[in-house]
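Open the model in your viewer and keep the selection panel at hand. The tour moves from annotated spans to a strand, then to a helix.

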Amino acid sequence: MAQASHEFGEWPLKRLMTEVVGSGPKSADDMSREQAREAFQRILAGEPDATTLGAFWLANRWKRNNPEELAGYTDVMREESVVTAEPEADPVDCGANYDGKHSSAVLGVGAGLVAAAAGTPVVVHSGDRVPTQKATAYKHVLDELGIRTDLAPEESADMVDETGFGFYYQPAFNPGVHDLYDRRDQMGVRTFVNTIETVGNPANADVHLGSFYHLAFAKKLTDLIRESDHLDYSRVIFFQGMEGYDDIRPGYTKVAEWNGGEELEDYEIETAEYGMEMENEDLEVDDVTADSATITEEVLTGERDDHFADAIALNGAFRMYAREDVDSLEAGLERARDVIADGSAEAVLEDLRAF
């Protein structure tokens with residue numbers, strides 16, 4: 001891993017605040033790519049005063065970062081913090097919001113295991129109770145299922161190749177961003193770090209599956225990826241997931257799909273079209289961590305045949321579709337149900353527990 005340089009340019013964060021981004025949400029200017037790069041180099045090196053750093057993060061939130069700035073931040077993160085370990089498989093990179101879910105079940109673990117059983121390798125990554133929500137993320141469900149999560153990046157890559165599913169742990173593969181935890185916690189609101197950490201891509205995957213709250217944000221993320229010098233995704237699918245997570249919501253879901261060109265295609269899917277009559281509250285749980293793990297295991301072992309089973313199968317199908325291993329969600333859904341019924345998905349769970 002490269003170390004953050006202490007040879008900086010002419011733009012300390014305090015100067016960026018007074019001359020560029022800090023005059024307010026309507027009058028602030030955007031930074032150049034080089035200014036954004038230098039800002040994040042300084043942040044990773046621990047150079048800014050804590051007050052200045054907080055003010056800079058808040059000013060960026062008010063101003064709203066453009067794709068050029070986000071690409072600059074992302075490239076510095078990839079250069080100076082992210083430790084990659086590339087499996088032989090070419091997995092789908094699932095980058096859900098790291099601060100997690102607080103009311104509905106996390107479906108991505110079960111969906112990823114179903115996809116892996118069907119021949120679509122999947123990588124997920126998260127931290128541990130990341131600000132601001134500090135809610136349930138991938139790590140916590142995997143821990144509850146008895147699967148190792150405190151892994152070095154090379155172990156995570158081996159996990160993908162041995163089981164078809166891999167977990168990358170932020171403190172191990174993105175230590176520079178992890179070191180910002182306390183400062184982010186003191187902010188009390190999300191910062192641009194919450195955005196860029198989801199595209200860390202520790203497995204150097206070719207396909208990314210992520211989530212958004214609004215379609216305009218999906219466009220911004222796609223433009224970030226297009227402008228980045230270090231993200232080589234050729235295909236990206238974002239959708240308006242539950243609680244901003246990478247779980248398709250019941251009813252209507254907006255999807256944005258990008259295949260390396262200039263245009264972003266958007267469309268809608270309806271769970272009712274797949275014979276699934278359910279509402280958001282049908283997927284809510286009392287204890288998100290424990291209940292998500294229990295639901296995942298019961299679906300994979302065939303003990304459950306309810307809304308959660310439908311939702312995990314559909315989300316598994318979406319991962320197959322993202323990697324273009326199936327031609328349609330209908331075909332993926334049929335495949336997902338097959339690997340649950342024949343025990344293949346449960347076998348992936350047992351392989352992960354034995355890893």
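Two strands count as paired if DSSP finds at least two bridges between them. Helices (H or I, at least four residues) and strands (E, at least two) are DSSP runs, numbered from the N terminus.

This is a predicted model: local features need pLDDT of at least 70, side-chain atom pairs count only at pLDDT 80 or more, and totals for chains, interfaces and linings use all residues. Residues are numbered from 1 along each chain as its sequence is written, and side-chain values use heavy atoms, leaving out hydrogens and water.

**Stop 1: annotated spans**

Select residues 29-79. UniProt annotates them, in an unreviewed entry, as "domain: Glycosyl transferase family 3 N-terminal". UniProt positions are in the numbering used here, feature names are shortened, and annotations may be inferred rather than shown by experiment. The span is 76% helix and 0% strand, and its end C-alpha atoms lie 26 Å apart.

Now select residues 109-345. The unreviewed UniProt entry places "domain: Glycosyl transferase family" there.

**Stop 2: strand β4**

Select residues 207-211. Is β4 buried or exposed? Of its 5 residues, 5 are buried (under 20% relative accessible area; exposed is over 50%, partly exposed in between; 1.4 Å probe, protein chains only). Val207, Leu209 and Ser211 sit on one side, His208 and Gly210 on the other. In a regular strand the side chains alternate between the two faces of the sheet.

Cys94 has Leu209 of β4 as its bridge partner.

Find Val207: its bridge partner in β5 is Arg235.

Now show α12 (residues 215-227). β4, α12 and β5 make a right-handed β-α-β unit: with the strands pointing away from the viewer, the path from the first strand over the helix to the second runs clockwise.

**Stop 3: helix α15**

Select residues 329-341. Leu329, Gly332, Leu333, Ala336, Val339 and Ile340 are buried in α15. Look down the axis: these buried residues fall within an arc of 130°, so they line one face of the helix. The arc is that of the directions from the helix axis to the C-beta atoms. On the other side of α15, Glu334 and Ala341 are exposed.

What do the buried residues of α15 pack against? Show α5 (108-117), β7 (265-270), α13 (288-300), α14 (307-322) and α16 (344-354); contact means heavy atoms within 4.5 Å.
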